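Me: I would like to learn how to read the features of a model one at a time, with the general idea set out before each case. Could you take me through them in that way?

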Amino acid sequence: MFSKMQIRSIGITDTTINKASCKKLFLTLFFCGLLFFAGFFSVFLYRNAPSLWADISYNRLCREIFRQELSGNTLTLHYTLQNPADYGIYEHDARLPVYSSEGRAYANAAVTEWLEELASIDSADLSEENRYSYTLLTRYLTLQQSLSAYSCYEEPLSPGSGMQQTIPVLFSEYRFQKRKDIDDYLTLLSQIDDYLKGLLVYEQEKARTGLFMSKENAAALAESCETFLTEDSINSGTHFLVESFLTRLDEFQNTYPELLNDSDFDAYCQENSRILREDVMPAYQMLAKEMTQLSETAVRKHPVRTSSEPTEKQRYYALLVQKSTGSYRSVAEMQEILYTQFVALRLELLKLRRRQNEAQANVRHTHPLTVEDIFAFLQENMREDFPPLLSGASTGDGLIRRQLPPVSCDIKYISESLSSSSAPAFYLTPQMDCFHKNVIYINPGASLAGPSLFTTLAHEGFPGHLYQTVYARESGIADRKNPLRGILDYPGYAEGWAFYVELLSYDYAANYYPADTELQKTARSFEMCLCALLDLHIHYYGLTLSQTQALLTQLGLSSDAAHDIYSYIEREPANYLKYYMSYLEILSLKQEAMTLWKGDYSDYRFHQFYLDAGPSDFLSLRERLYASQK
């Protein structure tokens with residue numbers, strides 16, 4: 001028999017035992033759980049470690065290449081990123097890079113090192129998108145390595161598109177977002193002298209190897225340098241580097257009045273004018289003088305082909321075409337494709353002209369459209385065939401939603417001092433992390449009006465460069481984890497697309513210019529195809545000026561017009577191919593998509609595929625298209 005006390009005691013003891021048992025059981029289950037999850041993660045890591053490690057290694061390498069490419073060049077860095085610190089780039093002193101043979105050798109060695117590091121990563125272990133990016137980067141760097149063997153063939157001072165033209169435009173678009181930006185701008189401006197001297201060193205190397213530019217090109221360069229900047233244009237405030245500086249400074253003061261008082265404002269304006277007068281103007285005059293002297297003393301070699309093997313110049317040109325177009329076809333194959341296209345377009349053009357004559361529709365119909373009207377019309381009418389931009393709308397889910405700012409575009413006009421040697425229009429790509437602000441320059445000397453203004457704005461704006469660039473930025477192809485793709489240069493992908501949509505825009509333009517848009521569209525394509533063929537024949541097969549004139553006069557052009565075409569193509573190798581051969585690659589890719597997708601094909605789907613892939617070469621795009629069907 002147990003007393004109540006005993007029973008109570010036993011009850012207390014049981015409770016104690018139960019609590020201890022629960023605690024022991026909980027600890028047992030906890031440690032068992034740890035062992036289970038440890039085992040699970042061990043298996044998970046064992047199976048997935050190669051993939052995780054490969055992606056980490058690849059992204060780290062891409063970020064390092066990105067940092068190295070942008071460091072040491074403050075102008076390019078500022079033009080590329082609004083907030084470099086977000087990408088791990090910190091620079092205190094503003095610097096322009098100055099060319100040297102040692103620096104070139106270091107850059108070439110860096111490319112070799114990056115390729116070796118890429119080779120150490122097994123691409124099969126990468127994520128799907130990283131695997132595609134890996135292929136692109138490997139091909140990109142391999143091509144860069146191949147081109148580096150022909151360094152003296154490059155022409156950074158081309159009269160029409162050289163750095164003496166490009167760098168002032170970049171300065172005029174240098175954004176002032178903080179007080180330091182103004183100080184950096186003036187520091188960089190004062191370094192143009194050293195920058196141009198570095199390019200002159202390179203030109204002297206070209207002269208020693210017999211690869212200096214022609215006397216005609218040197219004379220054109222010298223003339224543009226001598227007239228680019230004058231004391232009168234500086235003192236009167238009419239030069240665009242004076243006007244643009246004043247405009248940006250005024251905008252900065254209005255936005256941040258506490259950071260810039262009137263006294264500092266005036267001091268900055270005076271310093272800008274002083275640097276232009278004492279540093280920049282003498283630098284351009286020096287370049288004109290030295291290049292003229294070099295053109296008179298340089299010995300130009302004219303290689304004679306003694307075997308069936310391509311000459312050094314031909315090998316370089318083939319690589320340049322590959323880089324410019326993104327096409328991996330041989331020169332012979334490109335020639336065949338272009339010639340077939342040329343014949344077809346010529347027959348179509350004759351038919352359209354005959355039809356126009358029969359209808360006696362020789363009067364061009366025009367409609368007074370402003371730039372804003374054209375932009376609005378293009379954005380509205382492209383919706384059916386092109387995926388929409390996200391800018392101006394909310395993206396993401398739940399708490400991570402964010403409002404993207406709407407896309408804006410300023411239309412500016414090329415300065416008179418650059419007008420004669422500039423393109424009819426061009427688009428300036430925005431900063432990677434501030435891509436909603438865009439700029440398109442129009443050359444008033446090009447007299448763009450009617451259908452030509454309409455199609456030019458389609459080429460540069462919607463659905464051309466501006467639309468394509470913003471779409472790529474919104475897609476996150478070049479994010480902070482791997483920003484490198486944001487600076488890899490694929491001219492053919494961009495210019496081929498811009499020309500492709502330019503031709504499509506003639507159909508949109510028919511709403512306002514119905515009488516001759518089909519004829520103009522075919523004539524435009526024919527003109528570009530002809531120039532692309534001439535590009536190949538002049539630079540690869542050695543077509544001479546007299547031969548070009550004889551050929552073009554048969555097509556109805558004057559001898560002077562033929563001379564101008566020859567001169568432009570001679571100084572801008574592969575430029576027409578960058579537009580037209582790349583355009584034909586897009587048409588070829590489109591045809592393959594039609595064959596693969598059959599009834600599921602639509603222009604909308606093809607455009608989305610092209611844009612979603614991001615800047616690429618056409619070999620990689622074609623592989624991506626077929627891989628998507630597996």
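**Reading the surface, the pocket and the contacts**

Reply: Leu347 counts as exposed because its relative accessibility is 57%, where exposed means over 50% relative accessible area, buried under 20% and partly exposed in between, with a 1.4 Å probe and the protein chains only. Before we go on, note that this is a predicted model, in which local features need pLDDT of at least 70 and side-chain atom pairs count only at pLDDT 80 or more, while totals for chains, interfaces and linings use all residues. Residues are numbered from 1 along each chain as its sequence is written, and side-chain values use heavy atoms, with hydrogens and water left out.

Me: Where does Leu347 lie, and which residues make the nonpolar surface patch?

Reply: Patches are made of residues with over 30% relative accessible area and no salt bridge, with like charges joined within 9 Å and nonpolar side chains (Val, Leu, Ile, Met, Phe, Trp, Tyr) within 5 Å; the areas come from the Shrake-Rupley method with a 1.4 Å probe, and for residues only the protein chains shown count as cover. Here Tyr339, Val343, Leu347 and Leu350 make a nonpolar patch of about 390 Å². Leu347 itself belongs to helix H13, residues 331-359, where helices (H or I, at least four residues) and strands (E, at least two) are DSSP runs numbered from the N terminus.

Me: How should I read a pocket, and what volume does the second largest pocket have?

Reply: Rolling a probe the size of a water molecule over the atoms shows where empty space is left. On a 1 Å grid over the protein atoms alone, a pocket is an open set of points with protein on both sides within 12 Å along at least five of seven lines, whereas a cavity is a set where a 1.4 Å probe fits but cannot get out, and lining residues have an atom within 4 Å of a point. The second largest pocket has a volume of about 770 Å³, a volume being the space filled by probe spheres set on the points, which are joined across faces, edges and corners. Its lining has 29 residues, and those closest to the centre are Ser172, Glu173, Arg248, Glu251 and Lys412.

Me: Which element gives the most to the lining of the second largest pocket?

Reply: Helix H10 gives the most, with eight residues. At least two lining residues come from each of helix H5 (163-172), helix H10 (240-255), strand S3 (408-413) and strand S5 (437-442). Helix H5 also holds Phe171, which is buried because its relative accessible area is 0%.

Me: How many salt bridges does the count come to?

Reply: A salt bridge is a side-chain nitrogen of Lys or Arg within 4 Å of a carboxyl oxygen of Asp or Glu, and by this rule the count comes to 24. In one of them, Arg139 pairs with Glu623, with 2.8 Å between the closest N and O atoms. This pair links distant parts of the chain, 484 residues apart, with Arg139 in helix H4 (residues 128-147) and Glu623 in helix H24 (residues 618-627).

Me: Which elements are tied together by the salt bridge of Arg524 and Glu502?

Reply: Arg524 and Glu502 meet at 2.8 Å, N to O. Arg524 is partly exposed, at 24% relative accessible area, whereas Glu502 is buried, at 4%. A salt bridge also joins Asp507 and Lys521 at 3.4 Å, N to O; since Asp507 lies in H18 and Lys521 in H19, that pair ties together parts 14 residues apart in sequence.

Me: How many disulfides are there?

Reply: A disulfide is a covalent bond between the sulfur atoms of two cysteines. Taken as a pair of cysteine sulfur atoms within 2.5 Å, the count comes to zero. Cys529, for example, is in no disulfide, and the nearest cysteine sulfur, that of Cys531, is 9.5 Å away.
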